[in-house]
Amino acid sequence: MNHSYKTICLSLFLSLLLGQELDISYVKYYQTREDFLLQKSMMATERRSGDYVQVSFNEKNEAVLFEAINAQGQITSREALEYAKGKLIRKGQINNHNQYTKMIDYRDNELWRKEFIDWWIVGNETLSLGGDQTRFTIPNGNEVRQIQFETIDGKIFGQIELDYDYLGNLSEERWQNLLTGDIIRRFQYRFDVMANVNQIWEYGRQGELISHMSLEMAPADQLYKMPPPRTGNSLSEAEIIMKEIQMKRTMLPYSAIIPRTEFDELLFKSGQRMSVDFISIGENEIKLKLSGTQEFLHIPKGRVESLTSRNGMVIYPEPIRNANYK
């Protein structure tokens, strides 16, 4: 695996949830995870009596976030789930910054597993590798410390351990065959920030030096296929333009025409819009009914950008009246 390829793999993985809003359309509550599997939800009033699980769903009715909440209303754990074409591809524990701290990747084409197996498979053709899982451990949410490869029957046959220096740069990488305990591949890295050069030493199964190379580190936009980072690309330019419009927007000399709609409109902080029937606003959440259904939803205020009535009036956040401006 060459340096650019490995940098892309690690960086894209780390950016999966970092700085992104989870795609949440509505929330339901369950006493336990087992009740979620049984589709046995609980009333809002029942949440005051003890621990419960808050489950957030996307617009496809897929559960994308599990939050365990204790009797004091504190979140004790958070688990995110990702899907592709209706199939679960990743899930794992996340921190308050929406970064994975532990994650399982179920995809057949997961890049680290594919590269490990291609290197390791010699002499191990009898081991069934169908239905593998790749487990990532990222204690601080930023640096992958361990990657383990597991078969469908739960046997962990290999792992990659990664060490970092005090600046957070990758310093060593060890590939281990856990069936024998042997180190089958090892990389050492040395970053020269002043010279903008990265040196890499690669060692084989017997500890022999396979290659040594010095690479000039490319600008971020040449290594990353998707943000972060986003330096000088169209996404950043669009963000700058939007911020400038918000900060320097033109005020028209005449009143705007307020459209009337059939339903109230809910705008999430993620940018997603939903047609709803407004019911009430509580201390921490907004009670709604999905348009065209009889199902009630309880949406946390922290995830709502605005709620506008069908007559064009802003329901949430409440308009500021009688304010003194200096």
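Let's start with Glu79: at 11% relative accessibility, it counts as buried (under 20% relative accessible area; exposed is over 50%, partly exposed in between, with a 1.4 Å probe and protein chains only). Its side chain makes a polar contact of 3.0 Å with that of Arg33 (N or O atoms within 3.5 Å, one able to donate a hydrogen and the other to accept it).

This is a predicted model, where local features need pLDDT of at least 70 and side-chain atom pairs count only at pLDDT 80 or more. Residues are numbered from 1 along each chain, and side-chain values use heavy atoms, leaving out hydrogens and water.

Now for the rings. There are 11 aromatic pairs (Phe, Tyr or six-membered Trp rings with centres within 6.5 Å; planes under 30 degrees apart are stacked, over 60 edge-to-face, the rest tilted). Here are two of them:

| Pair | Centres apart | Planes | Type |
|---|---|---|---|
| Phe116 and Phe157 | 6.2 Å | 50 degrees | tilted |
| Trp175 and Phe187 | 6.2 Å | 55 degrees | tilted |

Phe116 and Phe157 are both buried. Trp175 is buried too, at 0% relative accessibility, and Phe187 at 3%.

What sits over the ring of Trp175? The charged end of Arg185 does, 4.8 Å from the ring's centre (CZ of Arg or NZ of Lys must be within 6 Å of the centre and within 35 degrees of the ring normal). That charged end also sits over the ring of Trp119, 4.1 Å from its centre.
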